[in-house]
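Please look through the sequence and the model below before reading on.

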Amino acid sequence: MDLHDPDQPVLITDLHDPDQPVMIAGPAVAPDVAVVSLRRLHGRVDAAGELARVRRSYRGPLLVEPFSARDLPAVVTHADGVVVGGAWMQDFQLLRAVARTGLPVVVQRATAATLEEWLSAAEYCVAEGNRDVVLCETGTRTHLPHATIDLELVREAGRRRPVFVDVSAAPDLAVAALSAGARGLFLGEDAEPALVAEVRAKAALLGPLVRDDEPETIPDARAAIDRIDAALATLLERRAELAATVQRLKPVGGFAGRDPRREREIVEAMARRAPRLGEDRLARIMAAVIEAGLEASEERDLRIQPLANRS
Ligand SMILES: O=C(O)C(=O)C[C@]1(C(=O)O)C=C[C@@H](O)C=C1
């Protein structure tokens, strides 16, 4: 079986910032990549008309799931990639026709398909000369009312090809999917903007912490650092908010109420987790962090007080 290097860039994963997982949702919420399913409309609409309508308000990268091969000319005109739905995964005629469009292909796993069946569906596309093939896990039928995402399968498949995971039925598993190696998350065509924002924030914060990066080049190591810094910025912002809360609750807040003993305890506890940095260096880092937090909190109080004094 011709399995290409999963790290080799493919067009779909290049459509966005390669350091962040691709967020895929309906066009209305301005995701990284939008998805429209003509299958959901049961072939009742004219594909060309429907996609032209979508394109009037959305110009970003677009994946389309055709209802049948008849939709493909319209898909080629309007879309940047084609989704082969799980129910169609073993329709080899369709897979071939989709692959021959030359557009990147996302192959969803049928609910009962094994890893090998899923990979061989992707191989049908590769055999047509299309190497931009990404897998998408959509879950297995179990005792739950919705399909259950198989994270072990995602991990295995991800070693062979880039994998997206459809977390629309269980968005709280987004981070678990990333830790299993998912490169993108399907949030559903009807996902609310708030959900997309929440999953994106969680992925930015926790994604880098659960991913096993072993970069070997400067750009890869820098990209991994950027991911860590994104998480660090989110944590620093949250820490500053909490420190401001302490200032409001303390009898004497701000620089005037600084507590060297508490600061030493913070540094000692952190040094146990960060032996490479050690206490001295961490003391310098945390002094800067704490002072920045106090400064931000006093600045905010200055902005609020004049308003309060008016009453
Ligand atoms: O714990 C406190 O008393 C705080 O005010 C918070 C905090 C911090 O940012 O962690 C800030 C200043 C103090 O010197 C110690 C700790």
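A residue is called buried if 20 or more other C-beta atoms lie within 10 Å of its own, exposed if 12 or fewer, and partly exposed in between. The model shown here is predicted. A30 has 13 other C-beta atoms within 10 Å, so A30 is partly exposed. A30 sits in the loop between β1 (22–25) and β2 (33–37). Although A30 is not a glycine, its phi is positive, about 50°.

Now take the protein chain as a whole. The protein chain has eleven helices and eight strands. Its C-alpha trace spans about 75 × 50 × 40 Å along its principal axes. Of its 311 residues, 31% count as buried. Among the contacts in the chain with a separation of 6 or more, 58% are between residues 24 or more positions apart.

The domain assignment divides the chain into domain 1 (11–212) and domain 2 (220–309). The C-alpha centres of domain 1 and domain 2 are 40 Å apart. Where the two domains touch, six residues of domain 1 and seven residues of domain 2 take part in the contact. The side belonging to domain 1 is made of four nonpolar, one polar and one charged residues.

In soluble globular proteins, nonpolar side chains tend to be buried together. In this model, the largest nonpolar core has 62 residues, and I24 and L185 have the most contacts inside it. Helix α5 (residues 115–127) gives the largest share of this core, seven residues. What does I24 touch, not counting residues up to four places away in sequence? The list is P31, D32, V33, V35, L63, F164, G184, L185, F186 and L187.

L153, V154 and A157 are buried in α6. These three residues cover an arc of only 105° around the axis, which puts them on the same side of α6. An α-helix has 3.6 residues a turn, so residues three or four places apart point the same way. The buried residues of α6 pack against α5, β6 (133–137), β7 (163–166) and α7 (174–179).

There is a loop at each end of α6, and each holds an arginine to look at. R141 lies in the loop between β6 and α6. R141 has 10 other C-beta atoms within 10 Å and is therefore exposed. Leaving out residues up to four places away in sequence, R141 touches T111, A112 and A147. R159 lies in the loop between α6 and β7. R159 has 10 C-beta neighbours inside 10 Å, so R159 also counts as exposed. R159 and G181 are 22 residues apart in sequence, and their C-alpha atoms are 8.3 Å apart.

Is M89 buried or exposed? M89 has 23 C-beta neighbours inside 10 Å, so M89 counts as buried. M89 is found in the loop between β4 (81–84) and α4 (92–100). Not counting residues up to four places away in sequence, M89 touches V84, V107, Q108, R109, A110, A113 and A121. One of these, R109, is 20 residues from M89 in sequence and 6.6 Å from it in space, C-alpha to C-alpha.

A47 belongs to helix α2 (residues 47–57). A47 counts as buried because 23 C-beta neighbours lie inside 10 Å. Apart from its neighbours within four places in sequence, A47 is in contact with L38, D71, A74 and V75. A47 and A122 are 75 residues apart in sequence and 24 Å apart in space, C-alpha to C-alpha.

The last stop is the ligand. Which residues are around the ligand? They are A243, V246, Q247, K250, R258, D259, R262, E263, I266, I290, G293 and L294. Three helices, α9 (218–249), α10 (260–273) and α11 (278–309), each supply at least two residues of this shell. By class, the shell has five nonpolar, two polar and five charged residues.

Note on methods:
Residues are numbered from 1 along each chain as its sequence is written. This is a predicted model: local features need pLDDT of at least 70, side-chain atom pairs count only at pLDDT 80 or more; totals for chains, interfaces and linings use all residues. A nonpolar core is a set of buried Ala, Val, Leu, Ile, Met, Phe, Trp, Tyr and Cys residues joined through C-beta atoms within 7 Å. Helices (H or I, at least four residues) and strands (E, at least two) are DSSP runs, numbered from the N terminus. Domain bounds come from an automatic or database domain assignment. Ala, Val, Leu, Ile, Met, Phe, Trp, Tyr, Cys and Pro count as nonpolar, Asp, Glu, Lys and Arg as charged, and the others, Gly among them, as polar. The arc is that of the directions from the helix axis to the C-beta atoms. A residue is near a molecule or strand if its C-beta atom, placed from the backbone, lies within 6 Å of it.
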